[in-house]
Amino acid sequence: MPTNAKDVWEAATIGDITTLPRIVEEEGFDVRSHDDSKSGGTLLHYAAWNARFAIAEYLLRHVAGRYGRQGLLEFINCKDTAVLRCTA
């Protein structure tokens, strides 16, 4: 499994399950954020686009634990979050 991603976006893309949680938990990165420098997607988009199931599972568990059931539903059920930007 790849490690030492340069940033949280790369970690989600390559499936770096060591670096991504460290950045989220130690540096307080908001996983609902959008990548304004590229696609406008969230970390969950990057994980899904690249079939990084462990990253997707981590993100869903993190959001549920931090924002509760309603926050999780908002995170995953908004249509086209990359365009509508409804997660953050």
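These legends describe close-up views of a predicted model.

**View 1. The salt bridge between R61 and E57 in helix α4****.** The closest N and O atoms of R61 and E57 are 3.0 Å apart. Both residues belong to helix α4, where they sit four residues apart, about one turn of the helix. R61 has a relative accessibility of 60%, so R61 counts as exposed. E57 has 42% and therefore counts as partly exposed. Side chains of opposite charge can pair when their charged atoms come close.

**View 2. The salt bridge between R22 and E27****.** In this pair, 3.3 Å separates the closest N and O atoms. E27 counts as exposed because its relative accessibility is 56%, and exposed means over 50%. R22, at 35%, counts as partly exposed.

**View 3. The salt bridge between D30 and R32****.** The side chains of D30 and R32 meet with an N to O distance of 2.9 Å. D30 has a relative accessibility of 24% and counts as partly exposed. R32, at 23%, also counts as partly exposed. Neither residue is buried, because buried means under 20%. The structure holds three salt bridges.

**View 4. A64 in helix α4****.** Helix α4 covers residues 53–77, and A64 is found within this stretch. The relative accessibility of A64 is 31%, so A64 counts as partly exposed. F75 is eleven residues from A64 along the chain, and the C-alpha atoms of the two residues are separated by 9.2 Å.

Notes: Residues numbered from 1 in each chain as written. Predicted model: local features only at pLDDT ≥ 70, side-chain atom pairs only at ≥ 80, totals over all residues. Heavy atoms only, no water. Helix = DSSP H or I, 4+ residues; strand = E, 2+ residues; numbered from the N terminus. Buried < 20%, exposed > 50% of the residue type's maximum accessible area, 1.4 Å probe, protein only. Salt bridge = Lys/Arg side-chain N within 4 Å of Asp/Glu carboxyl O.
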